[in-house]
Amino acid sequence: MRPIVFLSDYGLEDEFVGVCHMVIARSAPRAWVIDLTHGVPRGDIARGAQVLADAVGYAPAGAVFLAVVDPGVGTKRLSLTVEAGESFLVGPDNGLLSLAWDALGGVKRAYVIESDRVTLQPISATFHGRDIFAPVAAHLATGLSVADVGTPLEPMQMKRLQAPGATSEPGSVRCTVIGIDRFGNVQLSARAEHLHQARIDSLTELEVSTSGKHLSARRAQTFGEVPTGAAAVIVNSNGRLALVVNTGNAAAALGLGMGDPVEVGAPGRTGESFLKDSPTG
Amino acid sequence: MRPIVFLSDYGLEDEFVGVCHMVIARSAPRAWVIDLTHGVPRGDIARGAQVLADAVGYAPAGAVFLAVVDPGVGTKRLSLTVEAGESFLVGPDNGLLSLAWDALGGVKRAYVIESDRVTLQPISATFHGRDIFAPVAAHLATGLSVADVGTPLEPMQMKRLQAPGATSEPGSVRCTVIGIDRFGNVQLSARAEHLHQARIDSLTELEVSTSGKHLSARRAQTFGEVPTGAAAVIVNSNGRLALVVNTGNAAAALGLGMGDPVEVGAPGRTGESFLKDSPTG
Amino acid sequence: MRPIVFLSDYGLEDEFVGVCHMVIARSAPRAWVIDLTHGVPRGDIARGAQVLADAVGYAPAGAVFLAVVDPGVGTKRLSLTVEAGESFLVGPDNGLLSLAWDALGGVKRAYVIESDRVTLQPISATFHGRDIFAPVAAHLATGLSVADVGTPLEPMQMKRLQAPGATSEPGSVRCTVIGIDRFGNVQLSARAEHLHQARIDSLTELEVSTSGKHLSARRAQTFGEVPTGAAAVIVNSNGRLALVVNTGNAAAALGLGMGDPVEVGAPGRTGESFLKDSPTG
């Protein structure tokens with residue numbers, strides 16, 4: 001039995017996640033389902049894709065990743081099963097799976113889900129998690145053939161997201177907000193090596209700029225060394241730069257949202273180029 | 001081992017659900033528990049009953065449904081075990097189980113839970129989920145006899161809820177709000193066939209009225225075809241009519257709450273009769 | 001396979017809990033993990049310790065308790081594995097585990113987690129739940145030796161919390177707020193026996209005082225006997241006194257927070273001594 005790793009934007013207030021678990025249990029009794037998270041912001045495909053891609057490296061071998069962030073449910077977007085590494089990915093063709101299949105080593109085979117022997121019948125217009133994706137994940141978890149789910153698809157035909165990048169120049173790193181957690185910690189697309197490339201990795205004081213706002217921030221390793229209320233730049237547990245305010249909300253302090261551009265640099269070195277060049281500046 | 005499907009209004013912020021899981025695990029090691037939802041609004045028996053009844057059709061065969069929405073905990077209300085179809089239902093005698101036993105094909109046998117060999121001892125006055133219902137569900141999940149839990153009860157003696165209905169006349173459907181999800185989507189008691197009976201199932205534009213408010217709404221199949229901010233009537237994944245506002249909050253837009261009456265009809269055909277006849281109009 | 005009982009302040013909005021589940025599953029396939037709660041208020045070690053200690057008595061035999069409320073993650077605080085009764089406790093050395101090991105009968109053996117054969121590598125500075133505690137819990141769940149995790153530690157060297165106490169004098173009980181649930185119910189450090197010792201256990205009307213506020217409260221057994229909007233003192237399911245307002249919020253009504261002192265007594269008997277003696281009065 002393969003483990004199923006389940007991510008969605010369904011939340012836990014309603015019964016959507018529980019119903020998917022029941023559907024899985026019907027065709028894969030005692031299936032082994034791990035809920036990665038159901039707290040992806042509603043309809044936020046980019047965030048869901050990022051969380052999934054960052055998580056695949058921690059998953060048990062041979063997992064079936066069931067991922068549903070699906071604002072286009074019921075429209076003509078395809079339903080996908082993708083084989084990547086030793087794993088399968090199941091979800092809508094809206095880019096949600098695309099960063100994860102790269103993290104797993106690239107697409108081996110891809111299929112459009114079409115078989116009515118694998119999905120529930122009838123298929124509702126609004127809940128493909130229950131009617132299509134959960135049953136297909138259960139089918140794959142029990143070891144049945146991926147070829148049963150539908151028709152092969154040319155990998156290049158699937159929708160892909162561009163993973164947000166980051167650039168370094170001496171004194172400054174420019175990057176993008178790729179996540180905000182419930183504490184207001186801001187995850188950035190830049191990694192520790194970007195600080196190194198910008199030759200600011202040994203500074204103890206940094207400056208963070210976004211459209212119209214600047215903030216002094218310490219360079220810290222952990223929350224514990226940041227004084228209460230102070231801002232800091234840390235390398236988070238995914239190896240990415242993060243802006244934090246100890247016991248405060250960094251996203252609120254800088255007015256930051258998903259996808260916003262951010263510059264991290266030496267004191268006095270950020271902001272100007274940012275305001276000139278940024279597409280949103 | 002029978003699967004246990006667990007629904008409650010305990011929420012996940014506190015330890016109530018986790019403690020029930022532990023109690024189940026003590027008497028049914030490696031029990032197979034599926035959390036349907038713990039987000040039923042506090043004390044909302046009608047909503048819990050509806051969610052449970054809509055879900056039973058997706059459950060694995062032979063499930064034990066453990067349901068706890070129990071504002072009368074510690075009072076004289078009875079504790080029940082009900083056999084319906086191939087399944088068991090365990091919970092308080094306040095109507096919570098009654099729509100589900102109908103959905104499962106009706107009551108076969110019913111028991112008042114009384115045996116102190118099955119429940120924890122002592123029984124607290126405020127947490128029967130832990131002390132009574134979870135241990136009984138675990139007992140049934142392991143295949144032990146239902147007769148062990150207590151004394152047979154005449155099914156007619158159990159409290160029942162009336163499932164909210166809907167009525168059609170030419171041009172209009174009158175129904176009731178039976179659920180509001182975290183996105184503000186409003187689930188109605190009417191089904192697709194009520195639109196057909198009212199001869200408005202082919203209209204592309206509908207009107208929705210509630211006490212003192214009117215709203216134009218498109219007839220849509222999916223969220224994807226509703227423009228951002230526009231209202232629509234869809235048939236949701238339970239086969240029921242639902243009012244949605246794409247990326248907005250339909251319940252807030254119409255000031256709707258659980259149990260409120262709603263009329264869906266042809267443009268210009270709702271509201272007047274509504275205001276005349278509605279018990280709350 | 002030992003069951004793992006998992007408590008944290010990670011919340012369920014983000015992927016932290018799911019990633020820990022995946023890490024457990026990698027080294028302990030089909031591990032049996034029960035989520036006690038992940039809703040401990042952020043960084044609230046005292047509350048986490050209390051919830052864990054109150055729950056251990058309901059856990060299946062031989063459980064591994066994985067507990068992470070860890071504001072000092074990445075600092076010099078030690079990582080612990082503690083054997084107590086037939087169980088193991090895994091978490092940070094900040095007092096979080098200390099009330100639970102007392103509840104389990106005291107420490108048998110204690111270890112500092114140090115082995116890089118048991119933890120993930122590299123260890124991040126901010127997510128020891130994933131990198132240290134979850135892998136160690138999985139190691140113990142599979143039955144491997146506790147001596148593998150690191151170096152023995154003298155139990156007296158571990159940080160301990162003082163469980164908040166309560167005192168009785170004729171007519172009054174003085175105690176501390178040890179928990180507030182999502183409904184605003186206030187859990188107190190006093191137990192039913194304190195009312196008895198104060199000779200107020202047969203009163204039907206009590207008075208509750210905190211810094212500058214007084215409230216009349218009925219003595220009730222259950223929520224069901226408290227009129228809507230009325231305040232009451234009940235003995236909750238953990239055997240502790242609790243202040244509740246039926247369908248209201250007792251914590252808000254009295255302006256109470258964690259750790260605040262509270263006096264419960266006969267009408268007219270509280271408040272004065274409170275204001276004179278209380279450290280916060």
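Me: How many residue pairs are in polar contact between chain C and chain A?
Reply: There are 11 residue pairs in polar contact between chain C and chain A, both residues at pLDDT 80 or more. Keep in mind that this is a predicted model.

Me: Which element of chain C gives the largest share of the side that touches chain A?
Reply: That's helix 1 (residues 16–27) of chain C, with eight residues.

Me: And how does that side of chain C divide into nonpolar, polar and charged?
Reply: You get 13 nonpolar residues, eight polar and eight charged.

Me: OK, what about the area buried between chain C and chain A?
Reply: About 2,400 Å², and carbon and sulfur atoms give 59% of that. C:M22, C:R30 and C:R42 supply 29% of the area that chain C buries against chain A, more than any other three residues. In terms of contacts, 29 residues of chain C touch 35 residues of chain A.

Me: Is B:T119 buried or exposed?
Reply: Buried: B:T119 has a relative accessible area of 9%, and the cut-off for buried is under 20%.

Me: What does the side chain of B:T119 reach?
Reply: The backbone oxygen of B:S115, at 3.4 Å. The side chains of B:T119 and B:Q121 are also joined by a polar contact of 3.1 Å.

Me: Which residues is B:T119 in contact with, leaving aside neighbours within four places in sequence?
Reply: Those are B:I113, B:D131, B:I132, B:P135 and B:V136.

Me: Now symmetry. What rotation superposes chain C on chain B?
Reply: A rotation of 120° does it, with 0.0 Å of shift along its axis and an RMSD of 0.0 Å. The two copies are therefore related as by a three-fold rotation axis.

Me: Which residue of chain C comes closest to the rotation axis?
Reply: C:L12, whose C-alpha is 5.0 Å from the axis.

Me: Last one: do the copies meet through different surfaces, or through shared ones, and why?
Reply: Through different surfaces, because only 6% of the interface residues of chain C are also interface residues in chain B.

Note on methods: Residues are numbered from 1 along each chain as its sequence is written. Chains are lettered from A and ligands numbered from 1 in the order in which they are written. This is a predicted model: local features need pLDDT of at least 70, side-chain atom pairs count only at pLDDT 80 or more; totals for chains, interfaces and linings use all residues. Side-chain values use heavy atoms; hydrogens and water are left out. Contact means heavy atoms within 4.5 Å. Buried area is the accessible area (1.4 Å probe) that two parts lose on being put together, summed over both. A polar contact is a pair of N or O atoms within 3.5 Å; within protein, one must be able to donate a hydrogen and the other to accept it, and residues adjacent in sequence count only if both atoms are side-chain atoms. Helices (H or I, at least four residues) and strands (E, at least two) are DSSP runs, numbered from the N terminus. Ala, Val, Leu, Ile, Met, Phe, Trp, Tyr, Cys and Pro count as nonpolar, Asp, Glu, Lys and Arg as charged, and the others, Gly among them, as polar. Buried means under 20% relative accessible area, exposed over 50%, partly exposed in between (1.4 Å probe, protein chains only). Copies are superposed by least squares on the C-alpha atoms of residues with pLDDT of at least 70 in both.
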